[in-house]
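Please look over the model below, chain by chain. Then read on for a guided walk through its helices, contacts and core.

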Amino acid sequence: MLIAATLAIFVAMILAIIRGIVGPTLYDRILAVNMFGTKTVLLISLLGFVMGRPEFLDIAIVYALISFISVIGVLRYSDSDQFKHTSVQDDLPKEEP
Amino acid sequence: MDIFILISSSLCLFIGSFLCLSSSVGILRFPDFYTRMHAVGVTDTLGTGMILIGLMILSPDLLVFAKLVIMLLLTLLTGPTTSHVLAKSAFNNGLMPKLNKKPLEQSKIKEPAHRNLD
Amino acid sequence: MAIAIIRMTDLFAVVMLTGIYGLLSASFFVAMDAVDVAFTEASVGAGISTLLMLVVISMTGRSEKKTRHKPLPALIVVAITGGLLIYGTLDMPYFGSTDAPIHSHVAPKYVNDSMEEIGIPNIVTSVLASYRAFDTFGEVIVIFTAGIGVLALLSVTRRPEDDEEISSNNDSMHEQHLVIRIVAKILIPFILLFALYVQFHGDFGPGGGFQAGVIFAAAIILYTMLFGLSTARKVINQTFIQLIAATGVLIYASVGVASLLSGGNFLDYNVLTSDPVAGQHLGILIIEWGVGCTVASVMIMIFFNFANRREMQRTNKSMHDTNQESQ
(Lines give C-alpha, C1' and ligand atoms only; values in the text may rest on other atoms or scores of the structure.)
Protein backbone atom coordinates (compact mmCIF):
# COMPACT_ATOMS: atom_id res chain seq x y z
CA MET A 1 0.00 0.00 0.00
CA LEU A 2 2.81 2.40 0.79
CA ILE A 3 4.48 1.68 -2.52
CA ALA A 4 1.22 2.24 -4.39
CA ALA A 5 0.77 5.59 -2.67
CA THR A 6 4.37 6.54 -3.57
CA LEU A 7 3.73 5.77 -7.23
CA ALA A 8 0.51 7.77 -7.20
CA ILE A 9 2.27 10.81 -5.75
CA PHE A 10 5.02 10.45 -8.33
CA VAL A 11 2.50 10.48 -11.17
CA ALA A 12 0.87 13.56 -9.65
CA MET A 13 4.24 15.31 -9.58
CA ILE A 14 4.87 14.59 -13.24
CA LEU A 15 1.48 16.00 -14.21
CA ALA A 16 2.19 19.13 -12.17
CA ILE A 17 5.47 19.65 -14.03
CA ILE A 18 3.63 19.41 -17.34
CA ARG A 19 1.39 22.23 -16.23
CA GLY A 20 4.45 24.15 -15.09
CA ILE A 21 6.07 23.99 -18.50
CA VAL A 22 2.92 24.50 -20.57
CA GLY A 23 0.90 26.94 -18.43
CA PRO A 24 0.14 30.08 -20.41
CA THR A 25 0.15 32.63 -17.64
CA LEU A 26 2.81 33.24 -15.04
CA TYR A 27 0.56 32.37 -12.12
CA ASP A 28 -0.08 28.90 -13.52
CA ARG A 29 3.61 28.24 -13.18
CA ILE A 30 3.75 29.54 -9.63
CA LEU A 31 0.83 27.28 -8.77
CA ALA A 32 2.58 24.30 -10.36
CA VAL A 33 5.73 24.96 -8.33
CA ASN A 34 3.75 25.19 -5.11
CA MET A 35 1.95 21.94 -5.81
CA PHE A 36 5.23 20.27 -6.74
CA GLY A 37 6.66 21.36 -3.41
CA THR A 38 3.86 19.87 -1.33
CA LYS A 39 3.95 16.65 -3.32
CA THR A 40 7.70 16.42 -2.76
CA VAL A 41 7.10 16.64 0.99
CA LEU A 42 4.70 13.73 0.78
CA LEU A 43 7.02 11.73 -1.46
CA ILE A 44 9.92 12.06 0.94
CA SER A 45 7.82 11.08 3.95
CA LEU A 46 6.54 8.02 2.13
CA LEU A 47 10.02 7.08 0.91
CA GLY A 48 11.26 7.39 4.46
CA PHE A 49 8.68 4.93 5.64
CA VAL A 50 9.28 2.55 2.76
CA MET A 51 13.02 2.48 3.30
CA GLY A 52 12.67 2.30 7.05
CA ARG A 53 14.67 5.45 7.86
CA PRO A 54 12.69 7.93 9.90
CA GLU A 55 15.30 10.68 9.56
CA PHE A 56 13.73 11.69 6.29
CA LEU A 57 11.00 13.49 8.17
CA ASP A 58 13.36 16.31 9.07
CA ILE A 59 14.00 16.86 5.39
CA ALA A 60 10.28 16.84 4.72
CA ILE A 61 9.65 19.55 7.31
CA VAL A 62 12.44 21.65 5.81
CA TYR A 63 10.96 21.30 2.31
CA ALA A 64 7.53 22.33 3.48
CA LEU A 65 8.94 25.48 5.08
CA ILE A 66 11.18 26.32 2.16
CA SER A 67 8.47 25.92 -0.47
CA PHE A 68 6.14 28.12 1.58
CA ILE A 69 8.78 30.82 1.91
CA SER A 70 9.61 30.60 -1.79
CA VAL A 71 6.01 31.08 -2.89
CA ILE A 72 5.58 34.02 -0.54
CA GLY A 73 8.80 35.50 -1.89
CA VAL A 74 7.68 35.12 -5.47
CA LEU A 75 4.40 36.80 -4.77
CA ARG A 76 5.95 39.63 -2.80
CA TYR A 77 8.37 40.49 -5.53
CA SER A 78 5.83 40.23 -8.29
CA ASP A 79 4.01 43.32 -7.08
CA SER A 80 6.27 45.59 -9.06
CA ASP A 81 5.21 47.35 -12.24
CA GLN A 82 6.90 45.02 -14.64
CA PHE A 83 4.67 42.12 -13.83
CA LYS A 84 1.31 43.71 -14.41
CA HIS A 85 -0.83 41.42 -16.47
CA THR A 86 -1.99 42.95 -19.71
CA SER A 87 -3.20 40.48 -22.23
CA VAL A 88 -5.40 37.92 -20.53
CA GLN A 89 -8.69 39.55 -21.42
CA ASP A 90 -8.55 38.21 -24.94
CA ASP A 91 -10.51 35.17 -23.74
CA LEU A 92 -13.69 37.23 -23.61
CA PRO A 93 -15.63 37.61 -26.86
CA LYS A 94 -15.33 40.99 -28.44
CA GLU A 95 -18.23 43.30 -27.75
CA GLU A 96 -19.94 45.05 -30.61
CA PRO A 97 -20.15 48.82 -30.17
CA MET B 1 -5.18 -5.16 16.74
CA ASP B 2 -2.55 -5.49 14.07
CA ILE B 3 -5.03 -6.03 11.27
CA PHE B 4 -7.04 -3.03 12.48
CA ILE B 5 -3.99 -0.76 12.21
CA LEU B 6 -3.19 -2.10 8.76
CA ILE B 7 -6.70 -1.62 7.42
CA SER B 8 -7.21 1.87 8.78
CA SER B 9 -3.85 3.15 7.57
CA SER B 10 -4.41 1.60 4.15
CA LEU B 11 -7.78 3.32 3.97
CA CYS B 12 -6.31 6.70 4.86
CA LEU B 13 -3.47 6.26 2.37
CA PHE B 14 -5.88 5.25 -0.35
CA ILE B 15 -8.15 8.25 0.18
CA GLY B 16 -5.12 10.56 0.35
CA SER B 17 -3.52 9.33 -2.84
CA PHE B 18 -6.86 9.45 -4.66
CA LEU B 19 -7.23 13.11 -3.65
CA CYS B 20 -3.69 13.93 -4.76
CA LEU B 21 -4.21 12.26 -8.13
CA SER B 22 -7.47 14.11 -8.63
CA SER B 23 -5.76 17.42 -7.83
CA SER B 24 -3.18 16.74 -10.52
CA VAL B 25 -5.88 15.84 -13.06
CA GLY B 26 -7.67 19.03 -12.07
CA ILE B 27 -4.63 21.21 -12.60
CA LEU B 28 -4.37 19.94 -16.15
CA ARG B 29 -7.96 20.05 -17.24
CA PHE B 30 -9.55 23.11 -15.68
CA PRO B 31 -10.00 26.06 -18.03
CA ASP B 32 -8.88 29.02 -15.99
CA PHE B 33 -6.25 29.94 -13.41
CA TYR B 34 -8.72 30.58 -10.59
CA THR B 35 -10.46 27.24 -10.98
CA ARG B 36 -7.12 25.46 -11.07
CA MET B 37 -6.00 27.20 -7.92
CA HIS B 38 -9.18 26.17 -6.19
CA ALA B 39 -8.65 22.54 -7.21
CA VAL B 40 -5.06 22.49 -6.03
CA GLY B 41 -5.61 24.35 -2.77
CA VAL B 42 -8.46 22.23 -1.48
CA THR B 43 -7.37 18.77 -2.54
CA ASP B 44 -3.68 19.33 -1.84
CA THR B 45 -4.23 20.19 1.81
CA LEU B 46 -6.76 17.47 2.45
CA GLY B 47 -4.78 14.81 0.55
CA THR B 48 -1.64 15.66 2.49
CA GLY B 49 -3.59 15.49 5.72
CA MET B 50 -5.03 12.05 4.97
CA ILE B 51 -1.69 10.58 3.92
CA LEU B 52 -0.02 11.96 7.03
CA ILE B 53 -2.75 10.52 9.25
CA GLY B 54 -2.26 7.17 7.52
CA LEU B 55 1.47 7.37 8.24
CA MET B 56 0.83 8.38 11.83
CA ILE B 57 -1.08 5.18 12.46
CA LEU B 58 1.90 3.21 11.15
CA SER B 59 4.60 5.07 13.03
CA PRO B 60 6.90 2.96 15.21
CA ASP B 61 7.77 5.32 18.04
CA LEU B 62 6.82 8.58 19.66
CA LEU B 63 9.40 10.84 18.01
CA VAL B 64 8.25 9.95 14.50
CA PHE B 65 4.65 10.49 15.57
CA ALA B 66 5.47 13.93 16.98
CA LYS B 67 7.25 14.97 13.79
CA LEU B 68 4.29 13.86 11.69
CA VAL B 69 1.93 15.85 13.90
CA ILE B 70 4.12 18.93 13.43
CA MET B 71 4.11 18.41 9.67
CA LEU B 72 0.33 18.08 9.63
CA LEU B 73 -0.15 21.32 11.56
CA LEU B 74 2.30 23.08 9.26
CA THR B 75 0.48 21.92 6.14
CA LEU B 76 -2.90 22.89 7.52
CA LEU B 77 -1.54 26.33 8.31
CA THR B 78 0.36 27.06 5.11
CA GLY B 79 -1.88 25.47 2.47
CA PRO B 80 -4.87 27.82 2.62
CA THR B 81 -2.59 30.81 3.21
CA THR B 82 -0.73 30.10 -0.02
CA SER B 83 -3.98 29.88 -1.97
CA HIS B 84 -5.17 33.15 -0.49
CA VAL B 85 -1.94 34.99 -1.26
CA LEU B 86 -1.79 33.59 -4.79
CA ALA B 87 -5.35 34.59 -5.64
CA LYS B 88 -5.01 38.04 -4.12
CA SER B 89 -1.78 38.75 -5.95
CA ALA B 90 -3.19 37.51 -9.26
CA PHE B 91 -6.31 39.64 -8.90
CA ASN B 92 -4.38 42.73 -7.90
CA ASN B 93 -2.16 42.38 -10.94
CA GLY B 94 -5.07 42.27 -13.32
CA LEU B 95 -5.63 38.61 -14.13
CA MET B 96 -9.35 38.38 -14.80
CA PRO B 97 -11.32 35.17 -14.39
CA LYS B 98 -12.96 33.71 -17.44
CA LEU B 99 -16.61 34.64 -17.18
CA ASN B 100 -19.56 33.07 -18.92
CA LYS B 101 -20.96 35.58 -21.39
CA LYS B 102 -23.88 33.64 -22.86
CA PRO B 103 -26.87 35.55 -21.42
CA LEU B 104 -25.45 38.83 -22.73
CA GLU B 105 -25.04 37.41 -26.23
CA GLN B 106 -28.70 36.37 -26.35
CA SER B 107 -29.85 39.95 -25.85
CA LYS B 108 -27.31 41.22 -28.36
CA ILE B 109 -28.62 38.88 -31.00
CA LYS B 110 -32.12 40.20 -30.46
CA GLU B 111 -31.16 43.88 -30.60
CA PRO B 112 -29.95 44.30 -34.22
CA ALA B 113 -33.03 42.41 -35.47
CA HIS B 114 -35.17 44.83 -33.51
CA ARG B 115 -33.34 47.80 -35.02
CA ASN B 116 -33.75 46.47 -38.54
CA LEU B 117 -37.48 46.69 -38.21
CA ASP B 118 -37.34 50.46 -37.69
CA MET C 1 13.82 20.46 -17.38
CA ALA C 2 17.26 21.93 -18.01
CA ILE C 3 16.50 22.27 -21.69
CA ALA C 4 13.32 24.16 -20.86
CA ILE C 5 15.30 26.48 -18.57
CA ILE C 6 17.80 27.34 -21.28
CA ARG C 7 15.29 27.89 -24.05
CA MET C 8 12.87 30.17 -22.25
CA THR C 9 13.52 33.87 -22.33
CA ASP C 10 10.99 34.94 -19.73
CA LEU C 11 13.26 35.17 -16.73
CA PHE C 12 10.57 34.84 -14.12
CA ALA C 13 9.50 31.48 -15.50
CA VAL C 14 13.14 30.46 -15.57
CA VAL C 15 13.45 31.17 -11.85
CA MET C 16 10.37 29.08 -11.15
CA LEU C 17 11.70 26.18 -13.16
CA THR C 18 15.05 26.46 -11.41
CA GLY C 19 13.20 26.05 -8.15
CA ILE C 20 11.54 22.89 -9.43
CA TYR C 21 14.92 21.65 -10.68
CA GLY C 22 16.40 22.09 -7.21
CA LEU C 23 13.55 20.16 -5.63
CA LEU C 24 13.86 17.38 -8.22
CA SER C 25 17.57 16.92 -7.63
CA ALA C 26 16.97 16.85 -3.90
CA SER C 27 14.42 14.05 -4.46
CA PHE C 28 17.05 12.13 -6.42
CA PHE C 29 19.46 12.47 -3.54
CA VAL C 30 16.86 11.14 -1.16
CA ALA C 31 16.19 8.20 -3.47
CA MET C 32 19.92 7.44 -3.43
CA ASP C 33 19.81 7.42 0.36
CA ALA C 34 22.10 10.44 0.76
CA VAL C 35 20.24 12.30 3.44
CA ASP C 36 22.54 15.18 4.40
CA VAL C 37 23.14 16.17 0.79
CA ALA C 38 19.41 16.21 0.15
CA PHE C 39 18.95 18.41 3.20
CA THR C 40 21.50 20.95 2.06
CA GLU C 41 20.27 20.91 -1.53
CA ALA C 42 16.69 21.47 -0.41
CA SER C 43 17.46 24.40 1.82
CA VAL C 44 20.06 26.13 -0.32
CA GLY C 45 19.24 25.21 -3.87
CA ALA C 46 15.49 25.33 -3.78
CA GLY C 47 15.05 28.01 -1.18
CA ILE C 48 17.65 30.70 -0.83
CA SER C 49 18.83 30.72 -4.45
CA THR C 50 15.30 31.18 -5.72
CA LEU C 51 14.69 34.05 -3.33
CA LEU C 52 17.92 35.84 -4.17
CA MET C 53 17.40 35.45 -7.91
CA LEU C 54 13.89 36.83 -7.53
CA VAL C 55 15.19 39.97 -5.89
CA VAL C 56 17.67 40.36 -8.73
CA ILE C 57 15.13 40.03 -11.50
CA SER C 58 12.79 42.39 -9.82
CA MET C 59 15.58 44.91 -10.20
CA THR C 60 16.85 44.15 -13.65
CA GLY C 61 13.97 43.23 -15.87
CA ARG C 62 11.87 40.38 -16.92
CA SER C 63 12.97 39.18 -20.32
CA GLU C 64 16.35 38.28 -21.57
CA LYS C 65 18.00 40.45 -24.18
CA LYS C 66 18.78 38.74 -27.45
CA THR C 67 22.44 38.01 -27.98
CA ARG C 68 23.87 39.72 -31.01
CA HIS C 69 26.49 37.22 -32.05
CA LYS C 70 26.28 33.55 -32.67
CA PRO C 71 28.36 31.74 -30.09
CA LEU C 72 29.78 29.15 -32.48
CA PRO C 73 33.51 29.34 -31.56
CA ALA C 74 32.56 29.08 -27.88
CA LEU C 75 30.52 25.97 -28.62
CA ILE C 76 33.46 24.33 -30.35
CA VAL C 77 35.84 25.12 -27.49
CA VAL C 78 33.41 23.77 -24.90
CA ALA C 79 32.83 20.60 -26.94
CA ILE C 80 36.56 19.94 -27.28
CA THR C 81 37.21 20.54 -23.58
CA GLY C 82 34.31 18.32 -22.60
CA GLY C 83 35.51 15.59 -24.92
CA LEU C 84 39.00 15.72 -23.44
CA LEU C 85 37.62 15.54 -19.91
CA ILE C 86 35.47 12.54 -20.74
CA TYR C 87 38.44 10.85 -22.39
CA GLY C 88 40.44 11.47 -19.24
CA THR C 89 37.86 9.80 -17.04
CA LEU C 90 37.75 6.62 -19.11
CA ASP C 91 40.81 5.40 -17.25
CA MET C 92 39.19 5.74 -13.86
CA PRO C 93 37.33 2.77 -12.42
CA TYR C 94 33.62 2.48 -12.98
CA PHE C 95 31.15 4.27 -10.74
CA GLY C 96 30.55 1.95 -7.80
CA SER C 97 32.98 -0.83 -8.62
CA THR C 98 34.35 -2.58 -5.60
CA ASP C 99 38.03 -2.52 -6.36
CA ALA C 100 38.31 1.23 -6.84
CA PRO C 101 40.78 2.72 -4.35
CA ILE C 102 38.20 4.95 -2.82
CA HIS C 103 36.01 2.01 -1.95
CA SER C 104 38.71 -0.32 -0.70
CA HIS C 105 40.80 2.03 1.43
CA VAL C 106 39.16 5.31 2.28
CA ALA C 107 35.51 4.48 2.81
CA PRO C 108 35.95 1.31 4.91
CA LYS C 109 38.32 3.15 7.25
CA TYR C 110 35.80 5.91 7.80
CA VAL C 111 32.91 3.53 8.22
CA ASN C 112 34.77 1.18 10.55
CA ASP C 113 36.75 3.56 12.71
CA SER C 114 34.44 6.50 12.98
CA MET C 115 32.34 5.13 15.80
CA GLU C 116 35.31 4.26 18.03
CA GLU C 117 37.34 7.37 17.41
CA ILE C 118 34.61 9.95 17.45
CA GLY C 119 31.55 8.34 18.84
CA ILE C 120 28.69 10.04 17.01
CA PRO C 121 26.31 8.04 14.83
CA ASN C 122 26.21 10.40 11.86
CA ILE C 123 29.24 9.52 9.75
CA VAL C 124 28.77 12.42 7.37
CA THR C 125 29.10 14.92 10.19
CA SER C 126 32.11 13.12 11.59
CA VAL C 127 33.88 13.16 8.24
CA LEU C 128 32.93 16.77 7.60
CA ALA C 129 33.73 18.15 11.00
CA SER C 130 36.59 16.06 12.25
CA TYR C 131 38.44 14.05 9.63
CA ARG C 132 38.17 16.81 7.07
CA ALA C 133 37.84 19.77 9.34
CA PHE C 134 40.40 21.82 7.45
CA ASP C 135 38.37 21.59 4.23
CA THR C 136 35.30 22.71 6.10
CA PHE C 137 37.31 25.63 7.45
CA GLY C 138 38.06 26.57 3.84
CA GLU C 139 34.35 26.40 2.98
CA VAL C 140 33.46 28.70 5.83
CA ILE C 141 36.11 31.19 4.71
CA VAL C 142 34.68 31.05 1.18
CA ILE C 143 31.19 31.84 2.44
CA PHE C 144 32.54 34.69 4.55
CA THR C 145 34.45 36.09 1.57
CA ALA C 146 31.31 35.98 -0.55
CA GLY C 147 29.56 38.01 2.11
CA ILE C 148 32.37 40.55 2.20
CA GLY C 149 32.29 40.76 -1.60
CA VAL C 150 28.58 41.54 -1.61
CA LEU C 151 29.10 44.13 1.10
CA ALA C 152 31.90 45.79 -0.81
CA LEU C 153 30.03 45.95 -4.09
CA LEU C 154 26.46 46.56 -3.18
CA SER C 155 26.12 48.45 0.05
CA VAL C 156 24.44 51.81 -0.21
CA THR C 157 24.02 53.99 2.83
CA ARG C 158 20.48 54.91 3.71
CA ARG C 159 19.55 58.35 4.87
CA PRO C 160 17.06 58.61 7.76
CA GLU C 161 14.38 60.37 5.69
CA ASP C 162 14.34 57.48 3.23
CA ASP C 163 13.71 55.18 6.14
CA GLU C 164 10.70 57.17 7.33
CA GLU C 165 9.15 57.39 3.91
CA ILE C 166 9.47 53.68 3.29
CA SER C 167 8.18 52.73 6.72
CA SER C 168 5.09 54.90 6.31
CA ASN C 169 4.47 53.13 3.02
CA ASN C 170 4.71 49.81 4.80
CA ASP C 171 2.25 50.81 7.51
CA SER C 172 -0.35 51.80 4.96
CA MET C 173 0.03 48.41 3.30
CA HIS C 174 -0.56 46.57 6.56
CA GLU C 175 -4.25 46.04 5.96
CA GLN C 176 -3.68 44.71 2.51
CA HIS C 177 -1.37 42.00 3.73
CA LEU C 178 -3.09 41.21 7.01
CA VAL C 179 -3.67 37.48 6.60
CA ILE C 180 -0.18 36.61 5.56
CA ARG C 181 1.37 38.77 8.26
CA ILE C 182 -0.53 37.05 11.02
CA VAL C 183 0.29 33.60 9.70
CA ALA C 184 3.94 34.53 9.41
CA LYS C 185 3.97 35.79 12.99
CA ILE C 186 2.79 32.39 14.12
CA LEU C 187 5.28 30.53 11.94
CA ILE C 188 8.52 32.43 12.41
CA PRO C 189 9.30 31.43 16.04
CA PHE C 190 8.71 27.84 15.06
CA ILE C 191 11.13 28.07 12.15
CA LEU C 192 13.82 29.60 14.36
CA LEU C 193 13.33 26.85 16.90
CA PHE C 194 13.58 24.25 14.17
CA ALA C 195 16.85 25.79 12.98
CA LEU C 196 18.28 25.39 16.47
CA TYR C 197 17.07 21.79 16.57
CA VAL C 198 18.76 21.00 13.26
CA GLN C 199 21.96 22.65 14.43
CA PHE C 200 22.37 20.60 17.55
CA HIS C 201 20.87 17.40 16.22
CA GLY C 202 23.50 17.18 13.49
CA ASP C 203 25.37 14.51 15.38
CA PHE C 204 22.57 12.01 15.36
CA GLY C 205 20.50 12.73 12.29
CA PRO C 206 20.90 14.79 9.16
CA GLY C 207 21.69 18.36 9.80
CA GLY C 208 24.62 20.31 11.09
CA GLY C 209 25.82 23.85 10.80
CA PHE C 210 25.23 24.66 7.13
CA GLN C 211 21.62 23.59 6.98
CA ALA C 212 20.78 25.21 10.29
CA GLY C 213 22.27 28.52 9.20
CA VAL C 214 20.29 28.51 5.99
CA ILE C 215 17.01 27.77 7.77
CA PHE C 216 17.64 30.54 10.29
CA ALA C 217 18.35 32.98 7.47
CA ALA C 218 15.18 31.85 5.67
CA ALA C 219 13.09 32.76 8.71
CA ILE C 220 14.61 36.23 8.93
CA ILE C 221 14.18 36.70 5.17
CA LEU C 222 10.49 35.82 5.50
CA TYR C 223 10.12 38.46 8.17
CA THR C 224 11.93 41.02 6.01
CA MET C 225 9.84 40.30 2.95
CA LEU C 226 6.55 40.73 4.72
CA PHE C 227 7.22 43.56 7.11
CA GLY C 228 9.57 45.78 5.15
CA LEU C 229 13.30 46.28 5.28
CA SER C 230 13.33 49.16 7.74
CA THR C 231 11.39 47.20 10.36
CA ALA C 232 13.72 44.27 9.92
CA ARG C 233 16.71 46.53 10.36
CA LYS C 234 15.34 47.69 13.69
CA VAL C 235 15.09 44.08 14.77
CA ILE C 236 18.51 43.02 13.55
CA ASN C 237 21.13 45.68 13.30
CA GLN C 238 23.46 45.75 10.32
CA THR C 239 26.65 45.96 12.38
CA PHE C 240 25.44 43.19 14.65
CA ILE C 241 25.09 40.87 11.67
CA GLN C 242 28.53 41.67 10.37
CA LEU C 243 29.93 41.06 13.82
CA ILE C 244 28.25 37.68 14.04
CA ALA C 245 29.65 36.66 10.65
CA ALA C 246 33.18 37.46 11.71
CA THR C 247 32.63 35.80 15.08
CA GLY C 248 31.66 32.53 13.44
CA VAL C 249 34.92 32.29 11.56
CA LEU C 250 36.77 33.37 14.69
CA ILE C 251 35.19 30.56 16.74
CA TYR C 252 36.24 28.02 14.15
CA ALA C 253 39.81 29.26 14.01
CA SER C 254 40.12 29.59 17.75
CA VAL C 255 39.23 25.95 18.23
CA GLY C 256 42.11 25.14 15.93
CA VAL C 257 44.46 27.46 17.76
CA ALA C 258 43.39 26.09 21.13
CA SER C 259 44.25 22.60 20.01
CA LEU C 260 47.59 23.93 18.76
CA LEU C 261 48.30 25.46 22.13
CA SER C 262 47.35 22.23 23.91
CA GLY C 263 50.01 20.30 22.11
CA GLY C 264 48.36 18.65 19.12
CA ASN C 265 48.04 19.57 15.46
CA PHE C 266 45.82 22.37 14.15
CA LEU C 267 42.17 21.33 14.52
CA ASP C 268 43.04 18.07 16.25
CA TYR C 269 40.30 17.61 18.78
CA ASN C 270 41.79 14.74 20.71
CA VAL C 271 43.83 17.01 22.91
CA LEU C 272 41.08 19.40 23.94
CA THR C 273 39.99 17.46 26.99
CA SER C 274 41.44 14.55 28.88
CA ASP C 275 39.26 11.95 27.15
CA PRO C 276 39.79 11.91 23.34
CA VAL C 277 36.21 11.02 22.45
CA ALA C 278 34.79 13.76 24.65
CA GLY C 279 37.29 16.11 23.06
CA GLN C 280 35.96 15.18 19.65
CA HIS C 281 32.40 15.83 20.79
CA LEU C 282 33.31 19.21 22.20
CA GLY C 283 35.28 20.20 19.13
CA ILE C 284 32.55 19.19 16.71
CA LEU C 285 29.92 21.02 18.74
CA ILE C 286 31.86 24.27 18.81
CA ILE C 287 32.83 24.33 15.17
CA GLU C 288 29.32 23.47 14.01
CA TRP C 289 28.13 26.44 16.04
CA GLY C 290 30.71 28.62 14.31
CA VAL C 291 29.65 27.38 10.88
CA GLY C 292 25.99 27.99 11.66
CA CYS C 293 26.63 31.56 12.83
CA THR C 294 28.63 32.48 9.76
CA VAL C 295 26.28 30.93 7.22
CA ALA C 296 23.17 32.50 8.74
CA SER C 297 24.62 35.96 9.04
CA VAL C 298 26.18 35.96 5.56
CA MET C 299 22.87 34.94 3.98
CA ILE C 300 21.03 37.65 5.91
CA MET C 301 23.67 40.20 4.92
CA ILE C 302 23.41 39.33 1.23
CA PHE C 303 19.64 39.54 1.30
CA PHE C 304 19.61 42.85 3.16
CA ASN C 305 22.00 44.36 0.67
CA PHE C 306 20.02 43.17 -2.33
CA ALA C 307 16.77 44.44 -0.86
CA ASN C 308 18.37 47.72 0.11
CA ARG C 309 19.57 48.25 -3.45
CA ARG C 310 16.15 47.44 -4.75
CA GLU C 311 14.40 49.91 -2.51
CA MET C 312 16.94 52.61 -3.36
CA GLN C 313 16.34 51.98 -7.03
CA ARG C 314 12.59 52.12 -6.43
CA THR C 315 12.61 55.41 -4.57
CA ASN C 316 15.03 56.96 -7.05
CA LYS C 317 12.83 55.88 -9.92
CA SER C 318 9.67 57.24 -8.30
CA MET C 319 11.38 60.52 -7.49
CA HIS C 320 12.59 60.69 -11.08
CA ASP C 321 9.05 60.04 -12.36
CA THR C 322 7.50 62.72 -10.18
CA ASN C 323 10.19 65.16 -11.27
CA GLN C 324 9.44 64.41 -14.88
CA GLU C 325 5.71 64.83 -14.35
CA SER C 326 6.11 68.16 -12.64
CA GLN C 327 8.27 69.53 -15.45
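The paragraphs below go from confidence to chains, then to the contacts and the core.

This is a predicted model, in which local features need pLDDT of at least 70, side-chain atom pairs count only at pLDDT 80 or more, and totals for chains, interfaces and linings use all residues. Residues are numbered from 1 along each chain as its sequence is written, while chains are lettered from A and ligands numbered from 1 in the order in which they are written.

Start with confidence in chain A. pLDDT is the predictor's confidence in each residue, from 0 to 100. Chain A has a mean pLDDT of 76, with 79% of its residues at 70 or more. Over residues 81-97 of chain A, pLDDT stays under 50. For that stretch the model has 18 contacts beyond four places in sequence. A contact here means two residues whose C-beta atoms, placed from the backbone, lie within 7 Å.

Now turn to chain C. It has 13 helices and zero strands. Both are DSSP runs numbered from the N terminus: helices are H or I with at least four residues, strands are E with at least two. Of its 327 residues, 34% count as buried. Buried means that 20 or more other C-beta atoms lie within 10 Å of the residue's own; 12 or fewer means exposed, and anything in between is partly exposed, with C-beta atoms placed from the backbone. Take the contacts in chain C between residues at least 6 apart in sequence: 70% of them join residues at least 24 apart.

Tyr269(C) gives a local view. It is found in the loop between helix H12 (238-261) and helix H13 (276-326) of chain C. Tyr269(C) counts as buried because it has 26 C-beta neighbours inside 10 Å. Leaving out residues up to four places away in sequence, Tyr269(C) touches Ser130(C), Ser259(C), Gly279(C), Gln280(C) and Gly283(C).

Next comes chain B. Its helix H1 (residues 2-29) has 28 residues and reaches 41 Å from first C-alpha to last. That is close to the expected 40 Å, where the expected span is 1.5 Å times one less than the number of residues. The buried residues of H1(B) include Cys12(B), Leu13(B), Leu19(B) and Ile27(B). The buried residues of this helix pack against helix H1 (2-22) and helix H2 (26-51) of chain A, together with helix H2 (33-58) of chain B.

How do the chains meet? Between A and B, 43 residues of chain A are in contact with 38 residues of chain B. On the chain A side, H2(A) gives the most, with 12 residues. That side divides into 30 nonpolar, seven polar and six charged residues. Ala, Val, Leu, Ile, Met, Phe, Trp, Tyr, Cys and Pro count as nonpolar, Asp, Glu, Lys and Arg as charged, and the others, Gly among them, as polar.

The contact between A and C takes 32 residues from chain A and 36 from chain C. Here H3(A) supplies the largest share of the chain A side, 14 residues.

Finish at the largest nonpolar core, which has 125 residues. Such a core is a set of buried Ala, Val, Leu, Ile, Met, Phe, Trp, Tyr and Cys residues joined through C-beta atoms within 7 Å. Among the members that touch the most others are Ile59(A), Ala60(A) and Ile215(C). The largest share of this core, 16 residues, comes from H3(A). Not counting residues up to four places away in sequence, Ile215(C) touches Val62(A), Ser43(C), Ile191(C), Phe194(C), Ala195(C) and Val198(C).
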